[in-house]
Amino acid sequence: MSQKNTDGKRSARERLQEQRRQEEARAKRKRTLIAAAVVVAVLGAGAGIAALVAGSTSGKAKKGAGPVVAPQGATGKDEVAIPVGNAAAKATLTVYEDFRCPACAQFELAFRDTVRDLEAKGKLKSEYHLVTLIDKNLRGTGSLNAANAAGCAQDAGKFAAYHDELYRNQPPETDDAFAKKARLLELAGKVDGLVTPGFRTCVEDGRHDSWVKKSQDVFTAGHFAGTPTVLLNGKSVFGDPKNPLTPDKLRQMVEAAQKG
């Protein structure tokens, strides 16, 4: 085979590889935009089990299984918020989530990379409130146990990484897989350095169960429509159905808040 033919075939392969890379990049951007549109559609229509439950649960406080033990670094009134990002940022993203909530996972899929990038650049502080709407509606303890485990991860300084891992591995809404603490520990193994004897004990003993229940009570008392509820400096990021939220729009909103 001549050197010319060999070079021609190599060049063809390189062009094909580059074309495939471009197609994969376009497909990734398309998936992100589709996921963002689905989140907005779900929230705008008020659909989803979590949204239905929010209006029907009692605002009366429930007794926990023991004293309220907030995770290390929890902030805000009643210490029910877990902060991530720059505490001095002018833009604060407040997120109310349930680890069993499909719409919450859709929001995370669509916007997580943007949120984490803004946090890393010091432009955004996120405050996560963990709630248990799906447990209340479908029964089970997956929302509670996952939220407790996330609180344990906060104690270890690895909340964001574990939070994201739970959403990447979220089971179907009707499958209470997160009720199994062995599964929560298995997923924790995907986060470097998280599984220690202290973390394992925290998860298995439900150290933060009463704190999670307190967080749910605060959410109920706030009369929010459902999960995910996402606020930027106190205002819903889904407020304009004619101009749906996208990662770029969220970034612009945060930039504007930084200047404001």
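Where is D78 placed? Select it and you land in the loop between α2 and β1. Keep in mind along the way that this is a predicted model.

**Stop 1**

With D78 selected, check the backbone: its phi is positive, about 70 degrees, although D78 is not a glycine. Step on to E79, another non-glycine residue with a positive phi, here about 55 degrees. Most residues other than glycine have a negative phi, so both are worth a look. E79 belongs to the loop between α2 and β1 too.

P67 is exposed, since its relative accessible area is 67%.

**Stop 2: a cis proline**

Jump to T227 and P228. The peptide bond joining them is cis, with omega about 0 degrees. Most peptide bonds are trans. To get your bearings, P228 sits in the loop between α9 (209-221) and β4 (229-232).

**Stop 3: inside helix α8**

Select residues 197-205, which make up helix α8. Which of its residues are buried? They are F199, C202 and V203. Look down the axis of α8 and these buried residues fall within an arc of 95 degrees, so they line one face of the helix. An α-helix has 3.6 residues a turn, so residues three or four places apart point the same way. Show the neighbours as well: the buried residues of α8 pack against α5 (142-155) and α7 (181-188). Just past the end of α8, click on G206, where phi is positive at about 65 degrees.

**Stop 4: V115 in α3**

Finish in helix α3 (residues 102-120), where you will find V115. Is V115 buried or exposed? Buried, because its relative accessible area is 3%. Show what surrounds V115: setting aside neighbours within four places in sequence, it is in contact with L93, L124, S126, Y128 and L250.

Note on methods: Residues are numbered from 1 along each chain as its sequence is written. This is a predicted model: local features need pLDDT of at least 70, side-chain atom pairs count only at pLDDT 80 or more; totals for chains, interfaces and linings use all residues. Side-chain values use heavy atoms; hydrogens and water are left out. Buried means under 20% relative accessible area, exposed over 50%, partly exposed in between (1.4 Å probe, protein chains only). Helices (H or I, at least four residues) and strands (E, at least two) are DSSP runs, numbered from the N terminus. Contact means heavy atoms within 4.5 Å. The arc is that of the directions from the helix axis to the C-beta atoms.
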